[in-house]
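Biologist: Please take me through how the labels on this model were assigned.

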Amino acid sequence: MKTVFQFLKPYRRLCVFTILAMLLDVAGGLLVPRLTADMINIGVKTGNMEYIIEKGIAMLAVTILAGAGALIGSWLCADLSAKLGRDMRNAVYEKSLTFSEHDFSRFGTGSMITRTLNDINIIQQSVVWCIQMVLPVPAVCVMGVAMAFAVDTMMGFLLIGVTVLIIVLALVVTRRASQIFGRLQQLLDRMNVVLRENLTGVRVIRAFRKEKDEEKRMRKSFEDYAETSISANLLFAGLESTAFFVINICIVAILWLGGDRIGAGYMEIGDITALTEYSILILFYIIMAQMVIILLPRARVCIRRIQEVLETEPEICDRMKSAGEISPSAYAEDIVVKFDHVSFRFPDADEYALSDLDFICRRGETTAVIGGTGCGKSTLARLILRFYDVTDGEVAVNGMDVRDMTQNELRSQISYVPQKAWLFSGTIADNLRYGNEEASEEEMRRILSVAQADFVSGLANGLDAHVAQGGTNYSGGQKQRLSIARALMKKADLYIFDDSFSALDFKTDAALRKALKQEISDAAVLIIAQRINTILNADQIIVLDEGRIAGIGKHEELMEKCSIYREIAKSQMKGGV
Ligand SMILES: Nc1ncnc2c1ncn2[C@@H]1O[C@H](COP(=O)(O)OP(=O)(O)OP(=O)(O)O)[C@@H](O)[C@H]1O
């Protein structure tokens with residue numbers, strides 16, 4: 001609850017006005033039966049038309065006021081809920097931006113989406129319902145019972161008895177509901193994960209003809225969810241029928257006992273109407289509150305899940321040091337990246353993914369990294385970007401340990417093309433402006449030409465051509481070239497291309513590398529590649545083998561000295577390089 005209160009804090013005044021408006025509605029609801037009773041007891045009994053009209057006008061005024069209270073209360077409540085949802089989603093999203101890959105993998109994409117959308121939705125709903133249906137309950141009970149006591153002590157006690165009975169019933173049911181809704185939320189996460197996997201991997205599923213197996217897996221997750229939902233609904237149904245049964249018994253008791261009390265002269269006939277109305281109102285509010293309270297365990301689970309995200313300490317933090325504490329490593333002006341005996345182990349892994357890497361990348365030079373699959377090439381790039389922190393040693397960019405600057409500062413010096421080309425939905429221009437918001441159309445066209453992405457000018461809308469989610473309306477090679485163009489839009493000291501040329505044909509690959517050399521001649525370039533011909537002319541080639549450097553040098557040197565490089569080269573020659 002602490003989390004919700006924190007988010008409600010800025011809207012304290014809005015909360016107070018909402019509650020006041022709701023109370024106005026409640027007070028009106030309780031006053032009308034009193035006026036009706038007076039109308040019958042005095043007006044009708046004595047045939048005093050003036051009194052009846054006077055009470056009628058009062059009833060109308062009270063009803064209008066109560067209606068206005070209900071209307072304003074609901075409107076303010078909706079406003080509060082929207083603001084609460086917006087703030088929570090922003091907070092969760094902002095937090096997720098600070099997560100390292102490892103932090104993120106602890107939750108998983110499916111669960112993060114459920115938390116941000118569904119969980120916060122449930123929290124919003126619960127807050128609205130609590131304000132509208134739970135908060136007024138004590139006021140309704142106290143005022144209603146007090147008014148019943150004012151009519152007749154015995155009827156007051158009757159109302160207290162029924163109220164307590166329903167509250168006890170609510171507590172018992174709430175306990176049971178807590179377990180069911182906890183499970184329901186987990187099943188929703190599961191459903192989300194399975195659904196995402198099925199939708200994104202639909203082509204693989206078809207290619208392997210696994211439709212039946214996947215259907216079974218999907219059906220199981222849907223069925224589990226449905227079964228648990230049915231248990232929850234049964235609980236609701238049982239509660240609802242029991243509560244209405246109690247209401248009806250209560251009304252029967254009022255009519256039955258009320259008759260005796262009127263006969264004994266303790267009450268008048270109009271009081272029966274008032275008491276029946278009070279009991280219906282009190283019990284109605286309790287039942288509605290009960291329905292909401294049953295849902296609260298679910299909201300509590302959701303709040304806990306949001307809290308988990310918000311309270312996660314990001315593994316990678318900006319631990320700013322004062323200027324005096326920072327001792328820039330002695331470095332030559334032209335050194336952009338320096339790996340100083342770097343070793344790295346993934347947080348959950350037993351073995352080192354990278355061991356004792358020691359090399360530098362210079363401005364104006366191209367450094368290439370090559371090696372077998374899984375030897376740690378992408379991990380090396382991620383360490384430069386500080387997606388992970390080194391386990392031993394130091395990675396420095398422009399002479400400063402990457403841990404001694406903010407991630408923002410660090411990444412502003414680097415432009416990166418990830419292994420998996422990813423485009424955002426929108427237009428090609430939108431994607432390019434990701435690298436430089438101010439870029440002119442002319443600049444974009446020039447960069448597209450450098451990235452060998454001239455195909456854009458042939459598209460019907462050119463730079464404004466539509467890009468589907470993930471860039472699925474472009475081929476692998478087109479996506480790679482657009483990703484490269486986006487990276488080139490950003491002016492940086494270091495350009496990292498993580499296996500970014502793999503989907504290009506040899507001719508385009510060669511033309512792109514030639515154009516790149518001219519375009520970013522004053523920056524350091526790090527190319528991670530699988531194909532030897534992509535890196536043949538690099539100023540320095542690092543050969544990685546199981547996370548260790550097996551050789552560093554130019555192509556000719558490595559062909560002479562490094563057996564692993566020779567093997568890679570030979571295997572590719574055979575393959576037709
Ligand atoms: N998040 C992770 N947690 C644990 N181990 C990981 C993680 N990511 C990668 N690894 C492991 O680290 C090693 C290096 O992975 P990396 O992605 O750097 O290889 P790579 O050389 O880029 O491979 P490829 O050429 O196939 O892309 C692999 O053995 C991989 O299984």
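Modeller: Strands S6 and S9 (residues 494–498) run parallel and are joined by four bridges. This is a predicted model, in which local features need pLDDT of at least 70, side-chain atom pairs count only at pLDDT 80 or more, and totals for chains, interfaces and linings use all residues. Residues are numbered from 1 along each chain as its sequence is written.

Biologist: What makes S6 and S9 a pair?

Modeller: Strands pair if DSSP finds at least two bridges between them; S6 and S9 have four, so they count as paired. Strands here are DSSP runs of E, at least two residues, and helices runs of H or I, at least four, numbered from the N terminus.

Biologist: Why is S6 called an edge strand?

Modeller: The open sheet has six strands in the order S6-S9-S10-S3-S11-S12, with mixed pairing. Strand S6 (414–417) and strand S12 (548–553) each pair on one side only, so both are edge strands.

Biologist: How do you know how helix H15 runs relative to S6?

Modeller: H15 (residues 476–489) lies across S6 and S9, at about 175° to S6. Axes are lines fitted to C-alpha atoms, for helices over the stretch in contact (C-beta atoms, placed from the backbone, within 7 Å). Angles run from 0 to 180 degrees between N-to-C directions.

How values were computed:
Two residues are in contact if their C-beta atoms, placed from the backbone, lie within 7 Å.
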